[in-house]
Amino acid sequence: MTRVLDSAEGFVRDALAGFAAVHGDLVRRVDGGVVRADPLPPGRVAVVVGGGSGHYPAFAGVVGSGLAAGAVCGNVFTSPSAGQAYRVADAADAGGGVLFSFGNYAGDVLHFGAAQERLRAEGIDARTLLVTDDIASAPLDRIADRRGIAGDFVVFKVAGAAAERGDSLDEVERLAIAANHRTRTLGVAFGGCTFPGADGPLFTVPDGMMSVGLGIHGEPGIRDVPMAPAAELAEILVSELLADVPEDRGDRVAVVVNGLGTVKYEELFVLYGQVAARLGHAGLTVVEPECGELVTSLDMAGVSVTLFWLTEELEELWRAPAYTPAYRKGQVERPAPAGGSDGVRAAADQGSRSVPATRPAETASPASVERADRALELLAAMRATLHEHEDELGRIDAIAGDGDHGVGMRRGIDAALAAATASRDAGLSAALRAAGEGWSEVAGGTSGALWGAALASLAPTLDRDDLTAVHVAAAARTGLDTLVRLGRAKVGDKTMVDALVPYVERLDAAAAAGQPLAESLAAAAEDATAAARATSALRPALGRARPLAERSLGHPDAGATSLALVLTTIARTAGGTPR
């Protein structure tokens with residue numbers, strides 16, 4: 001558990017502030033994360049890594065010479081927002097383009113993808129490389145669906161070394177793709193981790209057992225097996241890794257034995273010795289192994305082993321020097337900061353594109369302002385509901401995920417209501433756009449991106465003087481289309497789409513039949529609630545819960561559940577009486 005903190009809400013902010021203060025000669029704090037204190041030379045590629053916090057040294061700890069130019073740091077186990085990713089990349093950009101790299105998680109894909117689009121719109125060549133090293137999360141024939149775990153470090157190291165020597169963006173991207181393709185990881189957990197401020201772990205492992213196939217966001221393994229001595233543990237990990245290799249693997253391999261937070265160095269050294277012996281018996285040469293904490297999961301009791309199958313060009317980059325707060329290798333010539341920390345900050349900020357803090361003032365009709373007031377009432381009612389059910393949503397999400405859904409929804413609605421209130425005088429459209437942006441910015445994660453985009457999408461249809469049930473149904477359909485386009489989910493995938501589709505269908509039918517709006521909303525909310533409950537019988541096909549599909553059976557989807565709660569609240573606030 002986390003024992004040193006002032007508040008769970010401010011934990012990441014406070015940790016980053018302290019980190020930047022300790023390592024001020026190497027990094028500087030920007031809104032959304034950190035970047036190198038010594039700016040990249042003009043024309044150099046900026047490798048920007050990131051994801052949720054709780055994985056130190058990933059991600060802020062690997063910012064520096066020979067590795068990343070910047071790290072985007074979201075809340076614990078929650079993807080950063082698109083705005084955070086954009087601002088860090090903007091601060092790190094040196095004119096040679098930006099390569100985003102992060103683990104293959106839906107929320108990160110959505111938020112970093114939006115940041116990439118924004119950078120491209122401003123003329124910056126921005127690209128993305130997803131890390132997919134976890135062999136437990138999908139079979140080899142679906143390697144693109146795998147999630148990124150400790151192999152993140154391998155890919156970051158290769159991309160950062162290529163960028164450091166001055167390679168073009170095309171070349172940095174090619175080498176990062178090659179490194180990812182040749183990286184495989186498998187881990188085991190002996191016990192779960194605990195969120196800052198929480199009173200219990202996200203999962204537990206039965207006594208005398210260990211859980212094979214862990215994730216780094218507090219996910220348990222995909223199967224439990226009896227606890228084994230180091231030799232047997234090494235045999236399990238190495239044998240499964242050697243059964244899942246790239247074509248033309250070669251006989252030279254880099255090895256990373258990684259601690260997840262509680263298993264400490266002496267234990268890792270014991271495991272490495274057994275792993276190295278088995279690789280030697282397989283006729284393989286181990287090249288410059290790493291053994292320590294590189295990609296953690298708060299205080300999880302667990303270990304992972306990564307094999308990086310080398311080629312001549314990849315080995316050169318693996319061996320290349322680096323100098324960061326948490327990882328140092330070889331000899332690196334570091335430029336001396338000119339003019340102290342203020343000089344560094346001024347140099348780093350010079351030429352950085354500014355981000356408007358507020359939208360230009362909009363004029364709105366009195367009727368639109370009145371509609372905005374009604375929207376604020378609905379948002380306030382949603383806020384009360386999500387606060388009330390925060391713990392319940394977290395418990396549902398923790399069954400096969402990281403347990404942060406309740407926290408994320410609470411943060412999202414708080415930010416949405418505050419942003420919409422500040423934009424109220426500009427009318428309903430401005431208030432809804434602000435609510436969506438606020439939700440996405442603060443909540444992060446997959447649900448943050450989806451809720452933010454869906455809220456913003458409602459504005460064009462709802463902000464009108466002749467609003468009818470037909471328009472409300474059309475707005476709901478637009479929200480659904482936005483979620484499907486961004487999240488790529490369909491009915492049966494065990495997501496919020498399972499609850500939203502019947503909701504929209506009932507609204508469409510009710511509007512066509514001329515049913516009063518309040519009654520339509522109530523009936524549609526009942527359908528959504530029934531559909532959310534029915535997700536208990538489904539196996540998740542997307543997101544972090546997919547590798548733990550069997551654990552999810554018998555339990556409803558957290559996203560569908562929260563959506564049904566919100567839709568029921570809207571119906572009640574609008575005058576309906578759904579059960």
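# Report on a predicted protein chain

Over residues 338-360, pLDDT stays under 50, and the model has 24 contacts beyond four places in sequence for this stretch. Here pLDDT is the predictor's confidence in each residue, from 0 to 100, and a contact means heavy atoms within 4.5 Å. Where pLDDT is low, the predicted coordinates should not be read in detail. For the protein chain, the mean pLDDT is 92, with 93% of its residues at 70 or more.

This is a predicted model, in which local features need pLDDT of at least 70 and side-chain atom pairs count only at pLDDT 80 or more, while totals for chains, interfaces and linings use all residues. Residues are numbered from 1 along each chain as its sequence is written, and side-chain values use heavy atoms, with hydrogens and water left out.

## Cores

Two nonpolar cores are described here. A nonpolar core is a set of buried Ala, Val, Leu, Ile, Met, Phe, Trp, Tyr and Cys residues joined through side-chain atoms within 4.5 Å. Buried means under 20% relative accessible area, exposed means over 50%, and partly exposed lies in between (1.4 Å probe, protein chains only). Helices (H or I, at least four residues) and strands (E, at least two) are DSSP runs, numbered from the N terminus.

The largest nonpolar core has 66 residues, and those that touch the most other members are Val34, Val49, Phe153, Val172, Phe308 and Trp318. Among the elements that give two or more residues to this core are helix H1 (11-22), strand S3 (46-53), helix H4 (151-164), helix H5 (169-181) and helix H8 (312-319). The most comes from H4, which gives nine residues. Apart from this core lies another, of 56 residues, including Leu393, Ala443, Ala489 and Leu507.

Leaving out residues up to four places away in sequence, Trp318 touches Phe153, Phe308 and Leu310, among others, and also Glu288 and Lys329. Phe153, Phe308, Trp318 and Tyr327 form one aromatic cluster.

## Aromatic pairs

Rings of Phe, Tyr and Trp (its six-membered ring) pair if their centres lie within 6.5 Å; planes under 30 degrees apart count as stacked, over 60 as edge-to-face and the rest as tilted. By this rule there are 10 aromatic pairs. Two of them are listed below.

| Pair | Centre to centre | Angle between planes | Class |
|---|---|---|---|
| Phe102 and Phe112 | 4.2 Å | 20° | stacked |
| Trp439 and Trp451 | 4.9 Å | 5° | stacked |

Phe102 is in strand S5 (residues 98-103) and Phe112 in helix H3 (residues 106-121), 10 residues apart. Phe102 counts as buried because its relative accessibility is 1%, and Phe112 counts as buried because its value is 0%. Trp439 lies in helix H13 (residues 428-443) and Trp451 in helix H14 (residues 445-457), so this pair ties together parts that are 12 residues apart in sequence. Both Trp439 and Trp451 are buried.

H13 has 16 residues and reaches 22 Å from its first C-alpha to its last, close to the 22 Å expected at 1.5 Å a residue. The expected span of a helix is 1.5 Å times one less than its number of residues. H13 is mostly covered, since 12 of its 16 residues are buried. The buried residues of H13 pack against H3, helix H10 (366-388), helix H12 (405-422), H14 and H15. Just after H13, Gly444 takes a positive phi of about 60°.

Helix H6 (residues 230-242) has 13 residues and spans 18 Å from first C-alpha to last, close to the expected 18 Å. Its buried residues are Leu233, Ala234, Leu237, Val238 and Leu241. Seen down the axis of H6, these fall within an arc of 115°, so they line one face of the helix. The arc is that of the directions from the helix axis to the C-beta atoms. An α-helix has 3.6 residues a turn, so residues three or four places apart point the same way. The cover over the buried residues of H6 includes strand S7 (183-191), strand S8 (209-212), helix H7 (265-281) and strand S13 (301-309).

## Backbone exceptions

Most residues other than glycine have a negative phi, and most peptide bonds are trans. A cis peptide bond joins Tyr56 and Pro57, with omega about 15°. Another cis bond runs from Ala58 to Phe59, with omega near 10°. Pro57 is in the loop between S3 and S4, and Phe59 is found in the loop between S3 and S4.

Asp248 has a positive phi, near 50°, and counts as exposed because its relative accessibility is 70%. Glu288 has a positive phi near 40° and is partly exposed, with a relative accessible area of 27%.
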